[in-house]
Structure formats: structure tokens, C-alpha cells
Amino acid sequence: MVKTNDLILKTMTVLIAFILFGFAVNLFFAGHNEPGGGFIGGLMTAAAIVLMYMAYGERAVNKVLPVNYRTMIAIGLIIAIATGVGSFLFGQPFLSQTFDYYHVPVFGEVELATALLFDLGVYLTVIGVTMTIVLTISSDR
Amino acid sequence: MNDIINMITIVCMIVITISISLLLYRVVKGPTNPDRAVALDAIGINLMGMAGLVAILLGTTRLNDVILLIGVLLFIGTIALAKYLEKGVIIDRDDD
């Protein structure tokens, strides 16, 4: 197979993957009041990582993002369970959620809910599962 | 005023439907696989326009994320198809 030069694809990937990560973070934080949430945010992040894998190949991206995605599944599940078990500390039933209003310097008055931590667990699990599936299929022999 | 907007939106949806039908003909009939890939890409762009028109018709802004999402997934899918047609692999392994 002739060695091709993917200059346009590689240059475009640098810009588009950056925008995709920003869109994923936006979807993740918008999940409380608008369409979005941990699942679709995780899928968007995985799509950005897959785009990087398609443009730059497996070895280069493994060097840039040295992440073990199976560990990421475990971390996400542990975070999700911990937010459920944490409600026992306050004498509440399993998976009780609470929220409060705080003053953050740049954003002003924001509502911080513990549901966001559960969403973070979902987010990490979805990224881990998707990337595990894609990389396992792509690297068979 | 609202009636005019609704009427024009529905006319635009009918035109986009005709466009998608013609592209579906190209997907089914297309002599080579790149023809089908390009037609699927164009169908996705027409779907983005259709989602925007539905958003106008329903008077909501909740569909804007969907439009951007269709564009992103369409782009990634088209890149994957193009790499498969060109090289035979989608993710290069670099180690052989």
C-alpha cells in the first residue's frame, strides 16, 4: 500500500477535536436544565478521541492520551456508587440527591447539585466502554 | 404572520423531502461505493436542514444541539467511510 499524506485531515482534526471536546463539556454541564447529560457528553468525547485515532493512528494517540480505558470504566462506576453510598452519611436513603446555591467568582450564582457527580460517573463509564469497544475491534490480529 | 412562517416552513420541508428522495435513488443505484458515500453525506446535511425546520415549526430551541450532533457524527462517519475505501483500515496500527 502506497504511503499517503493526510495533511488536510490531520490539520482539520486538531481544530475539530478541540471544538468537539468543548461541545462535550457543554453537553455534560447542560444536562441538568437542557438536553444533554453524562451519556451524550461521554459519547461526544469518545467521538473526538476516535477522530484523533482515525487521523493520527494508534501509536501517536496512545502517546498523547496515555489512558487505560478499562480503568476509566472502574473509576466511573466507583464514582457513581460513591455518590449513592455517600447519602448514608447523612442518614438518607440510597442515591438521595441534594443541591445548594453557591457564589462562584466568574459565573456568579450557580446551583451545584450532587447529581453532577453521578453524571461524572456515567460520563467516565461511557467514554471507557466506547473506547474499549473501538480499540479492541481495531487492534485485532 | 405565524401562518406565513408555518406555510413556508412546510414548503421547505417538502422540498427537502424531494431532495432526500433523489439522494436515496443515488444511494440505491450508485454504480460505485464512493457515490453512495457522498450521497449518504448529502442526506445527512439535508437531515440537519430538516431538523432546523422542525425546530422552527415547533418554536423550540431544544433541537439546536441535535443539529450540531448530526453534523459531528456525519463528519466522523464520512471520514471513517473514506478511510475504509482508501486504505482498507480505519485506525492505523503503525506497528507492522
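Visitor: How many residues of chain B are in contact with chain A, and with how many residues of chain A?

Guide: This is a predicted model, in which local features need pLDDT of at least 70, side-chain atom pairs count only at pLDDT 80 or more, and totals for chains, interfaces and linings use all residues; side-chain values use heavy atoms, with hydrogens and water left out. Residues are numbered from 1 along each chain as its sequence is written, while chains are lettered from A and ligands numbered from 1 in the order in which they are written. Contact means heavy atoms within 4.5 Å. Here, 20 residues of chain B touch 27 residues of chain A.

Visitor: What area do chain B and chain A bury between them?

Guide: Buried area is the accessible area (1.4 Å probe) that two parts lose on being put together, summed over both. For chain B and chain A the value is about 2100 Å², with 66% of it on carbon and sulfur atoms.

Visitor: Which side chains meet in a salt bridge between the chains?

Guide: A salt bridge is a side-chain nitrogen of Lys or Arg within 4 Å of a carboxyl oxygen of Asp or Glu. There is 1 between chain B and chain A, formed by B:K87 and A:D6 at 3.0 Å, N to O. A:D6 lies in the segment before α1 (7-30) of chain A, and B:K87 in helix α3 of chain B; helices (H or I, at least four residues) are DSSP runs, numbered from the N terminus.

Visitor: At what angle do helix α2 and helix α3 of chain B pack?

Guide: Axes are lines fitted to C-alpha atoms, for helices over the stretch in contact, and angles run from 0 to 180 degrees between N-to-C directions. Helix α2 (residues 33-58) and helix α3 (residues 64-87) of chain B pack at about 175 degrees, their axes 9 Å apart. Angles over 145 degrees count as roughly antiparallel, and α2(B) and α3(B) are therefore roughly antiparallel to each other. Among the contact residues are B:L40 and B:M48 of α2(B) and B:L74 and B:L81 of α3(B).

Technical notes
Helices (H or I, at least four residues) and strands (E, at least two) are DSSP runs, numbered from the N terminus. Angles under 35 degrees count as roughly parallel, over 145 as roughly antiparallel, 65 to 115 as roughly perpendicular and the rest as oblique.
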